[in-house]
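Welcome! Take a moment to look over the structure below, and then we will walk through it together.

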Amino acid sequence: MRILIWGAGAIGGTLGAYLLRAGHDILFVDVVEEHVAEINRAGLQITGPVAEFTVAAQAVLPHQLHEKFPIILLCTKAQHTKVATETLVDFLADDGYVMSVQNGLNELIIREIVGRERTLGTFINFSADYHAPGKILFGGRGAIVVGELNGAITTRLQAIGAAFRDFDPDTIVTDNLWGYLWGKEAYGAMLFVSALTNESIADALADPGYRDLYIRAAQEILELAAQIGVEARGFNGFEPAAFVAKDIAAINRSLDTLVAFNRTSAKTHSGIWRDLAVRKRRTEVIMYEPILAQGEKIGLDLPLTRRWIEMIREIEDGKRPQALGNLDQLKAELP
């Protein structure tokens, strides 16, 4: 396949390196000049426990693009979705499509710019981090699901699903993309709460002193999903149905499985934590704004979600440290 990967960081770099190695025709585009230069000079290096290899690759800056592509995989952070899509649309073939390979519900943004019929989506849960120009850590495998926005199982969906299996043989082609994406939003809420501290994902979810807070964070998102008619799907041990049913025994089993799953990854902390603690930059917290808006639209209050979003932004602004005390404050503030 001829594919343009827009964003050669953790997600795009890992996926693209595997697709290149499998023989697909891949061009990377990225806005970080030194990353583009290093990829062109020495190739794209994948490190970590899953695999160690380097592939010769071609990368360009956005202004260096001059052709149209039948497939564009958008792999940027959620907060860059609108600007990136508005830029890449000029390089999308008339009969081509953009596929979001991101965290969040970014398909909603993309479809408004390129059209619903030219938008596909992906759910991802593998672990990766950008470590240096030309170097990506692939920390651990996780679920990957591809789907059409309307749930149809189309020829193009089957084709891109087959390509993704060159990266992960267990890639799923689904008729319920939104179910997986909302499931990830609920799991992501727990990760954002954990990033208020310096705990690893596994240690955070294993801590009995704060487990009720993580449970409530996921339940708020899942309650909203249920009220708008979305059946959230589970993955890698996360079982939304248990949280919706408030079956505490099943919830604890789910969290215990998630703890075990995350302990196998070389990426111990979330990308959210890394953005705050290491890279000192804005997180993808913006992807929860549409969720708050949706809650307001139907009259559903999401007090915990709103408060942890505020706390994340305070950390981004240097007004709050990352510490366990943030979780104590959350518990004290909320009924």
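The model is predicted: local features need pLDDT of at least 70, side-chain atom pairs count only at pLDDT 80 or more, and totals for chains, interfaces and linings use all residues. Residues are numbered from 1 along each chain as its sequence is written, and side-chain values use heavy atoms, leaving out hydrogens and water.

**The sheet**

- Here, 4 strands make up an open sheet with mixed pairing, in the order 4-3-10-9. Helices (H or I, at least four residues) and strands (E, at least two) are DSSP runs numbered from the N terminus, and two strands pair if DSSP finds at least two bridges between them.
- At the edges you will find strand 4 (53-55) and strand 9 (127-132), each pairing on one side only.
- On average, neighbouring strands of this sheet are turned by 25° against each other, direction ignored. Axes are lines fitted to C-alpha atoms, for helices over the stretch in contact, with angles from 0 to 180 degrees between N-to-C directions.
- Strand 3 (residues 44-47) and strand 4 run antiparallel and are joined by 3 bridges. L44 has V55 in strand 4 as its bridge partner.

**Helices across the sheet**

- Helix 1 (residues 10-21) lies across strand 3, strand 4, strand 9 and strand 10 (135-140), at about 80° to strand 4. Contact here means heavy atoms within 4.5 Å.
- Helix 2 (residues 33-42) lies across strand 3, strand 4, strand 9 and strand 10, and runs at about 95° to strand 3.

**The largest pocket**

- The largest pocket holds about 1,100 Å³ of space. On a 1 Å grid over the protein atoms alone, a pocket is an open set of points where a 1.4 Å probe fits, with protein on both sides within 12 Å along at least five of seven lines; lining residues have an atom within 4 Å of a point. Its volume is the space filled by probe spheres set on the points, which are joined across faces, edges and corners.
- Its lining has 50 residues, and A10, T76, K77, R281 and E284 lie nearest the centre.
- Helix 6 gives the largest share of this lining, 5 residues.

**The second largest pocket**

- About 250 Å³ of space lies in the second largest pocket.
- It is lined by 14 residues, with N106, I109, I286, M287 and P290 closest to its centre.
- Helix 3, helix 4 (107-114) and helix 12 (289-298) each give two or more residues to this lining. Helix 3 supplies the largest share, 3 residues.
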